[in-house]
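Keep the sequence and the structure in view while reading.

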Amino acid sequence: MTAHSRPARAADSRPARPVMLGQNQYGKAENRVVKITRDGDTHHIKDLNVSVSLSGDLEEVHLSGSNAHCLPTDTTKNTVYAFAKEHGIESAEQFGIHLARHFVTSQEPIHRARIRIEEYAWERIAGSDANSRFIGADEVRHSFVRKGQETRLTEITYDGEQWQVISGLKDLVVMNSTNSEFWGYIKDKYTTLKEAYDRILATEVSGRWRFNWTDDEQRMPNWERSYEQVRKHMLEAFAETYSLSLQQTLYQMGSRVINHRSEIDEIRFSLPNKHHFLVDLEPFGLKNDNEVYYAADRPYGLIEATVLRDGVEPKIPVDLTNL
């Protein structure tokens, strides 16, 4: 045998390991539906982005390519638009419940439906008195401007027996210009951050809350009022908490919701700390008395936590990007 030759490798006699199909689902994502409700001359808008995901007895479509148990995703899209007409859109949650129930109860192979909805809010534009008279209208009731404060979210999951409704919001930017401190933290040789006894506290709220309504025998929450009240309590807690840390503020926001809304058992927040740093104005002979800041968009501290009703098991996924 030469220096570069190698003995022939024996054939691998081990049996091939079986390959298994794991978790799977399918559906039509991001169906944009805008529903106009005309109440005489007064119009109302519901603007939704609806994603449908179905799972169940769907192995064969993967293993053999048989579509016998496959409801086309195009059909799920059409159902979204048809239901907007047939059932209207009272709320994002109610619309998702109608869809989830339909897919599970009308299609035997479908055992579980998950409906995710983003809702984009609009507010009515008030016309000026002079212009209203000029165009011959008593009041403008059909013109709207898109609200830019936040996007409302909901996810409805139904397996034929049990419901899980997780609602929430994202992109709600809030700021306290004072009543916030940060000091007394661990310091080592890499620490350069100065202690702050009067700082700006700002964040972009991403939150999800889980309802304890799980079956049709229970009284269903008033979805619209619940959202308005949760948002109200979150904002009030943010504004009224003298904050020694964003973690403390987060806990107060969650606690206020749990204590005031009996239909909610769990709430989870992801709060990026939108840092504002004082600008050094001394090179210009100026004193910066907590007046001029620069806003740093990245990197940012990211504070995440769940607040629960006592005795409740957490069910909102830790990773809010993968509900």
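Why does Thr73 count as partly exposed? Thr73 counts as partly exposed because its relative accessibility is 25%. The cut-offs are as follows: buried means under 20% relative accessible area, exposed means over 50%, and partly exposed is in between, with a 1.4 Å probe and protein chains only.

The model is predicted, so that local features need pLDDT of at least 70 and side-chain atom pairs count only at pLDDT 80 or more, while totals for chains, interfaces and linings use all residues. Residues are numbered from 1 along each chain as its sequence is written, and side-chain values use heavy atoms, with hydrogens and water left out.

**The chain**

The chain has 6 helices and 12 strands. Here helices (H or I, at least four residues) and strands (E, at least two) are DSSP runs, numbered from the N terminus. Of the 323 residues in the chain, 39% are buried. Among contacts between residues at least 6 apart in sequence, 67% join residues at least 24 apart; contact means heavy atoms within 4.5 Å.

**Strand S9 and its partners**

Strand S8 (residues 201-211) pairs with S9 in the antiparallel sense over 7 bridges, and Trp209 stands opposite Ile267 in S9. Strand S12 (residues 301-308) also pairs with S9 in the antiparallel sense, over 8 bridges. Ala305 in S12 is the bridge partner of Phe269.

Glu204 is a residue of strand S8. Leaving out residues up to four places away in sequence, Glu204 touches Asp171, Leu172, Val173, Ser270, Leu271, Pro272 and Lys274.

**Residues listed as binding site**

For "binding site", an unreviewed UniProt entry lists Thr73, Asp74, Phe182, Arg199, Gln247 and Asn273. From this set, the lining of the largest pocket takes in Phe182, Arg199, Gln247 and Asn273. UniProt positions are given in the numbering used here, feature names are shortened, and annotations may be inferred rather than shown by experiment.

Thr73 lies in helix H2 (residues 73-86). Apart from its neighbours within four places in sequence, Thr73 is in contact with Tyr26, Gly27 and Lys28. The side chains of Thr73 and Lys28 make a polar contact at 3.3 Å. A polar contact is a pair of N or O atoms within 3.5 Å; within protein, one must be able to donate a hydrogen and the other to accept it, and residues adjacent in sequence count only if both atoms are side-chain atoms.

Asn273 belongs to strand S9. Not counting residues up to four places away in sequence, Asn273 touches Arg199, Leu201, Ala202, Leu246, Tyr300 and Gly301. Gln247 is placed in helix H6.

The table sets out the accessibility of some residues.

| Residue | Relative accessibility and class |
|---|---|
| Asn273 | 9%, buried |
| Glu204 | 27%, partly exposed |
| Gln247 | 43%, partly exposed |

**The largest pocket**

Rolling a probe the size of a water molecule over the atoms shows where empty space is left. On a 1 Å grid over the protein atoms alone, a pocket is an open set of points where a 1.4 Å probe fits, with protein on both sides within 12 Å along at least five of seven lines, and lining residues have an atom within 4 Å of a point.

How much space lies in the largest pocket? The value is about 830 Å³. The lining has 28 residues, and Leu193, Lys194, Ala196, His276 and Phe277 lie nearest the centre of the pocket. Helix H6 (246-260), strand S10 (276-278) and S12 are the elements that give two or more residues to this lining. S10 gives the largest share, 3 residues.

Technical notes
Two strands pair if DSSP finds at least two bridges between them. Grid points are joined across faces, edges and corners, and a volume is the space filled by probe spheres set on the points.
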